[in-house]
Amino acid sequence: MENISRRLFFRQGLSLGALAMLSGCNLQDDTAVDKVLWAMSRWNDRVQALLFDRNRLAPTYRPEDITDPFPFNAFYPEDSAPEIDLLEYRLQVSGLVDKKTPWSLDDLRRLPQVSQITQHICIEGWSAIGEWRGAPLSVFLQHVGADMTAKYVGFKCADRYYSSIDMPTALHPQTILALDFGKDPLPLKYGSPMKLRVPTKLGFKNPKHIVEVFVTNDYPGGYWEDQGYNWFSGL
Ligand SMILES: Nc1nc2c(c(=O)[nH]1)N[C@H]1C(S)=C(S)[C@@H](COP(=O)(O)O)O[C@H]1N2
Ligand SMILES: [Mo]
């Protein structure tokens, strides 16, 4: 048994068969296959995290490159996007932070704002260029006294969507809590009143309609991530 799996490993590379033998599971069994694939995806996350260069910037574009109209996407149709009262809105902050006081939109706008024209790439096979403006997430995390040595920053949305990113990506200069799309406040369909814009990751890692930010060492997953999309999904 030992020999067969070693031979398979060297001859065929890390084939599913070899993996099954190495991990001692029977691939007739769907849950065993599933476990192996999940383990591979989490291993892939770790390799991607190691390769991530916190100083490398995603490409930026010119105003004339902006895609108009910009596509809408969500797990529901456009007219079902959650409507949030802008005056009542308070961003909740939880987990490994010193200050859990909720933030109004004016509070968020008082932080320094940066603009970016970047490309959004959706796993479903389309990409588009847009302009977003907002506070760097790193500045926000400093203000709330976040534990910057924690592993994850997670996001909860008004529509049951949720996602999470690694701390190095959270601290990347192009990762922003976006309040504006082009010259105007974020429209309802694009994530009003606030979305995470993270141009170093795929579109599904850009949660819209964010109502809570939390810092944690416990893997938070995400809406699509928990259905099999690779968690890191980034540069
Ligand atoms: N709250 C929320 N955020 C979300 C989604 C969603 O369904 N709900 N879909 C994600 C996906 S898959 C994509 S491609 C982008 C689409 O953003 P857009 O409507 O601004 O193009 O939002 C992401 N963030
Ligand atoms: Mo997407």
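Modeller: What follows is a walk through a predicted model, covering the ligand, the cavity, the pocket, the strands and some backbone details.

Biologist: Start with the ligand. How many residues surround ligand 1, and which are the closest?
Modeller: Ligand 1 has 21 residues around it. Pro 71, Asn 73, Asp 159, Asn 206 and Lys 208 are the closest.

Biologist: Which atom of ligand 1 does the backbone of Pro 71 face, and at what distance?
Modeller: An oxygen atom of ligand 1 lies 2.7 Å from a backbone N or O atom of Pro 71.

Biologist: What about Asp 159 and Asn 206, side chain or backbone?
Modeller: For Asp 159 it is a polar side-chain atom, 2.8 Å from a nitrogen atom of ligand 1. Asn 206 uses a backbone N or O atom, which lies 2.9 Å from a nitrogen atom of the ligand.

Biologist: Which residues are closest to the centre of the largest cavity?
Modeller: Asn 73, Ala 74, Gly 203, Asn 206 and Lys 208, out of 25 lining residues.

Biologist: What is the lining of the largest cavity made of, by class?
Modeller: There are 16 nonpolar residues, five polar and four charged. Strands β2 (114-122) and β3 (126-136) each supply at least two residues of that lining.

Biologist: How do β2 and β3 pair, parallel or antiparallel?
Modeller: Antiparallel, over nine bridges. Within that pairing, Thr 118 stands opposite Gly 130 in β3.

Biologist: And what is in the turn of that hairpin?
Modeller: Three residues sit between the strands, and Gly 125 takes a positive phi near 105° in the hairpin.

Biologist: Switch to pockets. What is the volume of the largest pocket?
Modeller: About 270 Å³.

Biologist: Which helix gives the largest share of the lining of the largest pocket?
Modeller: Helix α3 (residues 30-51), with four residues. The lining includes Arg 42, Asp 45, Arg 46 and Ala 49, and also Lys 151, Tyr 152, Asp 166 and Trp 231.

Biologist: How many of the lining residues of the largest pocket are charged?
Modeller: Six are charged, six are nonpolar and no polar residue is present.

Biologist: Back to strands. In what order do the four strands of the open sheet run?
Modeller: The order is β1-β9-β4-β5, with mixed pairing. From one strand to the next, the twist averages 20°.

Biologist: How many bridges join β4 to β5?
Modeller: Five, and the two strands run antiparallel; β4 covers residues 152-157. One pair of bridge partners is Gly 154 and Ser 164, the latter in β5.

Biologist: Where is His 209, and what is its phi?
Modeller: His 209 has a phi near 50°, a positive value in a residue other than glycine. His 209 is in the loop between β8 and β9 (210-216).

Key:
Residues are numbered from 1 along each chain as its sequence is written. Chains are lettered from A and ligands numbered from 1 in the order in which they are written. This is a predicted model: local features need pLDDT of at least 70, side-chain atom pairs count only at pLDDT 80 or more; totals for chains, interfaces and linings use all residues. Side-chain values use heavy atoms; hydrogens and water are left out. Two strands pair if DSSP finds at least two bridges between them. Axes are lines fitted to C-alpha atoms, for helices over the stretch in contact, and angles run from 0 to 180 degrees between N-to-C directions. On a 1 Å grid over the protein atoms alone, a cavity is a set of points where a 1.4 Å probe fits but cannot get out, and a pocket is an open set with protein on both sides within 12 Å along at least five of seven lines; lining residues have an atom within 4 Å of a point. Ala, Val, Leu, Ile, Met, Phe, Trp, Tyr, Cys and Pro count as nonpolar, Asp, Glu, Lys and Arg as charged, and the others, Gly among them, as polar. A residue is near a molecule or strand if one of its heavy atoms lies within 4 Å of it. A polar contact is a pair of N or O atoms within 3.5 Å; within protein, one must be able to donate a hydrogen and the other to accept it, and residues adjacent in sequence count only if both atoms are side-chain atoms. Grid points are joined across faces, edges and corners, and a volume is the space filled by probe spheres set on the points.
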